[in-house]
Amino acid sequence: MNEMWGESTVKLRAENAARGQLFDEGNYAMFIHWGLYSQLGNKVDGKTYYGIGEWIMNPRMAGIPVEEYKNLAKTFNPKKFDAKAIAKLAKDAGMKYIIITSKHHEGFAMYHSKACDFNVVDATPWAKDPMHELAEACRAEGLGFGFYYSHNQDWTFPGGNRGPTTDEKGNPATFDDYFVKKCLPQVEEITSNYGPIEIVWFDTPGNMPKKYVQQLVDVVRKNQPNALVSGRAGHGLGDYQSLGDMEVPHKNVDGMWESVDTTNDSWAYAWYDEYWKTPKEILRRLIACVGRGGTYMLNIGPRGDGSVPERAARSLEESGAWIRRYPQVVYAADASPWEHALPWGDVTVKGNRLYLSVFEWPAGGKLYLPGLKTKIASAKLLLGEKSSAVPYESAHGWTILGLPPVAPEKLVSVIEIELAGEPEVDPTFGVDPDIGTEILADFASVAGAELSQKRWMEKFGEWKSVHHVHDWTADAKATFEVSVLEPGDYVVSLTYAGEGRLVWGVDVVGGEHIQNQQNSSHNYQEFPIGWINFPEPGTYAVAVSFLEGDPALASLKSIHFAPAR
Ligand code: JFZ
């Protein structure tokens, strides 16, 4: 599947005021995967296939022949589809626009297409175009609207990538045939017939030649001068970068970008998938995206009958209710000057105001903020529109905020810090004196080993990734710089994968050395190494080395520090 993604990163452009305002300031959008595959919900002839449901046709899933798949249109009758309810759900969730699949890789147009009769009006008993209703419902709610369009892959149209290689008469079909007969006219249609749209979200360009992508982008520019084109158009012709992996980045990313994610583990409806992101998890991911400088687009997969899974809706509504109480944390907010999450939560910024979103409320009544250099004008604990002053002091470059013992909010509590000037921060990781601190390998400086990103599929199409230190040589070190406020003993553990028993060493450079043998497995697991001492407040380098075991398989993901008490 890797080769199908194609080149998708774009040059990072400065934002254009006329375009992409909802993207840039809204920071939160709804993605919808809905098509013929939704009817199957990952079950074919009584057998369940695990993975992303919109790929059910693929030989690595159910492997459904084209003609058989096309028959699904004859039973597509989504009587429970309610455009107004979906637009309201997005609005209540705090999202600013909706992007829905107009045609996914299956090739079925979910709108009325004149270019190809394999569409929701001409090929189904329902015979309705849901996109007019949805576009209208979005407008009525003050939301933006846009389309996903699979421009390269088309699995049912002759000549489409991964599609049939001959036409109905058995003559060979080329990509050009598909492009001219279906793709280009359909992109004309989706950009002409549904009013102003916010984004055209092209996907998986694969090896599609640039001349084709250019023509599609030209059509979007002509018909929708204010729409953005997704980075996955290919050849750097999009307006912003889409990150992959259903994950949020760990470090700040410059320029315009978005992270796409889904409410459970599949984009399209999967009957078995009840692993929903909780309201708190949704907020954690959304705020992390905004905190890293990007936009978050979160997907729902309606069922074949058009209804939205109730638990997805519930999580969206509950997290949305929180966003309504704290809109300043999300909308038009900028990236954290710490450039990464903090042990208790994350930070977003508006001018000289910092918003500290506290996900793990500290039991000790103190919140520790490392490295803030700008003078504080005021600090407040927010409770909706009300607030109470928060006492604060500073020591050794840390700011210590005094908090009540119980979090005022059930999901996430917010502290607003007004600064005397523009935020300036030393982003060095602090070892939190109260709660555990995990530092990912992404942040290590590495010598004698490799630091790289590894990606794999968990279930089919469910991508996971890790930045890891691997290919350890004898003197290799992964060194983490940390700032310590409270001297004393800390329990150090490492999260790693490997095979058999492994010996790792941890050194406070210029101080203590510890080493220990622990087990390992091919799954990343946290193993304690031992206690280590930081004798006084200040900055330390902590070096991890790999001492015994198979260095080809040893893969370090992170280091943890927890106060030993
Ligand atoms: C693509 C599609 O194949 C999939 O069905 C879904 O629509 C998803 C949103 O997009 O899958 C991708 C494409 C690119 C990456 C990951 C999954 N990527 O670049 O990491």
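This note goes through charged and aromatic side-chain contacts in a predicted model.

1. Basis. In this predicted model, local features need pLDDT of at least 70 and side-chain atom pairs count only at pLDDT 80 or more, while totals for chains, interfaces and linings use all residues. Residues are numbered from 1 along each chain as its sequence is written, and side-chain values use heavy atoms, with hydrogens and water left out.

2. Salt bridges overall. The structure holds 26 salt bridges, a salt bridge being a side-chain nitrogen of Lys or Arg within 4 Å of a carboxyl oxygen of Asp or Glu. Some of them are joined up: Asp261, Lys277, Glu281, Arg284, Arg285 and Glu360 form a network of salt bridges.

3. Lysine 222 and glutamate 188. These side chains meet in a salt bridge with an N to O distance of 2.9 Å. The pair links distant parts of the chain, with lysine 222 in helix H8 (residues 210-223) and glutamate 188 in helix H7 (residues 175-192), 34 residues apart. Helices (H or I, at least four residues) and strands (E, at least two) are DSSP runs, numbered from the N terminus. Lysine 222 is exposed at 53% relative accessibility, whereas glutamate 188 is partly exposed at 27%. Here buried means under 20% relative accessible area, exposed over 50%, and partly exposed in between (1.4 Å probe, protein chains only).

4. Aspartate 203 and arginine 232. A salt bridge joins these two side chains at 3.2 Å, N to O. The partners come from distant parts of the chain, 29 residues apart: aspartate 203 is in the loop between strand S6 (199-202) and H8, and arginine 232 is in the loop between strand S7 (228-229) and strand S8 (241-243). Aspartate 203 is buried, with 7% relative accessibility; arginine 232 is buried as well, with a relative accessible area of 16%.

5. Glutamate 318 and arginine 314. The closest N and O atoms of this salt bridge are 3.2 Å apart. Both residues belong to helix H10 (residues 310-325), and because they are four residues apart there, about one helical turn separates them. Glutamate 318 is partly exposed at 35%, and arginine 314 is partly exposed at 49%.

6. Aromatic pairs. A search of the whole structure finds 35 aromatic pairs. Tryptophan 34 and tryptophan 126 form one that is edge-to-face, 6.5 Å centre to centre with 75° between the planes. This pair links parts of the chain 92 residues apart: tryptophan 34 is in the loop between strand S1 (28-32) and helix H3 (37-40), and tryptophan 126 is in the loop between strand S4 (97-103) and helix H6 (130-141). Both tryptophan 34 and tryptophan 126 are buried. Rings of Phe, Tyr and Trp (its six-membered ring) pair if their centres lie within 6.5 Å; planes under 30 degrees apart count as stacked, over 60 as edge-to-face and the rest as tilted. Ring pairs also link Trp34, Phe76, Phe81, Phe108, Phe118 and Trp126 into a cluster.

7. Charges over rings. The charged end of lysine 47 sits over the ring of tyrosine 49, 5.0 Å from its centre. Lysine 251 lies over the face of phenylalanine 443, at 5.2 Å from the ring centre. For such a contact, NZ of Lys or CZ of Arg is within 6 Å of the ring centre and within 35 degrees of the ring normal.
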